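Please walk me through this protein model, piece by piece.

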Amino acid sequence: MFQLHGWVIISKLSITEREDILKKVNDKIEILNLEPKVINLNIYNNTPCLSITLFQNRYTPIVEKLLELVQMIGEIAKNSYGIIQIYDDESENSPNEFVNYFIQKGEVIKKKDSFLSPVVPTLYVE
């Protein structure tokens, strides 16, 4: 099973910047053509927040598109931050581990997870 969970706070924007950036993000989301329950862009206390939850049988190209969206947000709104967590039990490189993508200062940094990994025995009993 493949799982992707995450959130990105689109941060420190003027009203004009916010409108432009949110239009770009919404345009990219529309191109992805995903179900609303997979990806949401909401405003909480005047702060835009993108949330993503994806469950599917295996890794597909849509995952790269979602990571490209997160990368784009980092590039156009440099003060944005967040975390994307991926677990893929069929991964050749990390079948027993979560992989984290941290969004900070305009960059997306990939790191192995140390809190939920290794999945067995950290989360599941053997």
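This is a predicted model: local features need pLDDT of at least 70, side-chain atom pairs count only at pLDDT 80 or more, and totals for chains, interfaces and linings use all residues. Residues are numbered from 1 along each chain as its sequence is written, and side-chain values use heavy atoms, with hydrogens and water left out.

**The sheet**

Start with strand S1 and its partners. Helices (H or I, at least four residues) and strands (E, at least two) are DSSP runs, numbered from the N terminus. Two strands pair if DSSP finds at least two bridges between them.

8 bridges join S1 to strand S4 (residues 81-88), and the two run antiparallel. Within this pair, Leu4 has Ile86 in S4 as its bridge partner. S1 also pairs with strand S3 (residues 47-56), again in the antiparallel sense and over 8 bridges. Here Gln3 stands opposite Phe55.

How much of S1 is covered? Of its 8 residues, 6 are buried, so the strand is mostly covered. Buried means under 20% relative accessible area, exposed means over 50%, and partly exposed lies in between (1.4 Å probe, protein chains only).

The pairing goes on from S4. S4 and strand S5 (residues 98-104) share 6 bridges and are antiparallel. Ile84 stands opposite Tyr101 in S5. S5 is joined to S6 by 6 bridges, and these strands run antiparallel. Asn100 has Lys111 in S6 as its bridge partner.

Now put the strands in order. The 6 strands form an open sheet, S2-S3-S1-S4-S5-S6, with antiparallel pairing. S2 and strand S6 (107-112) stand at the edges, each with a single partner strand, so one side of each has no neighbour in the sheet. From one strand to the next, the twist averages 15 degrees. Angles run from 0 to 180 degrees between N-to-C directions, and axes are lines fitted to C-alpha atoms, for helices over the stretch in contact.

**Two helices on the sheet**

H1 packs on the sheet, touching S2 and S3, and its direction makes about 160 degrees with that of S2. H2 packs on the sheet too, touching S1, S2, S3, S4, S5 and S6; its direction makes about 165 degrees with that of S3. Contact means heavy atoms within 4.5 Å.

Look at H1 in detail. Its buried residues are Arg18, Ile21, Leu22, Val25, Ile29 and Leu32. Seen down the axis of H1, these fall within an arc of 100 degrees, so they line one face of the helix. The arc is that of the directions from the helix axis to the C-beta atoms. An α-helix has 3.6 residues a turn, so residues three or four places apart point the same way. The buried residues of H1 pack against strand S2 (39-44), S3 and helix H2 (61-76). On the other side of H1, Thr16, Glu19, Lys23, Glu30 and Ile31 are exposed.

How do the helices meet? H1 and H2 pack at an angle of about 175 degrees, with their axes 11 Å apart. They are therefore roughly antiparallel (under 35 degrees counts as roughly parallel, over 145 as roughly antiparallel, 65 to 115 as roughly perpendicular and the rest as oblique). Residues of H1 in this contact include Ile21, Lys24 and Val25, and those of H2 include Ile62, Lys65 and Leu66.

| Residue | Phi |
|---|---|
| Asn33 | near 55 degrees |
| Asn45 | near 50 degrees |

Asn33 sits in the loop between H1 and S2. Its relative accessibility is 67%, so Asn33 counts as exposed. Asn45 lies in the loop between S2 and S3. Asn45 is exposed as well, with a relative accessible area of 77%.

Gly106 belongs to the loop between S5 and S6. Is Gly106 buried or exposed? At 9% relative accessibility, Gly106 counts as buried. Not counting residues up to four places away in sequence, Gly106 touches Gln71, Gly74, Glu75 and Lys78.

**Cis peptide bonds**

Another joins Val120 and Pro121, with omega about 20 degrees. Pro118 lies in the loop between S6 and helix H3 (119-122), whereas Pro121 is in helix H3.
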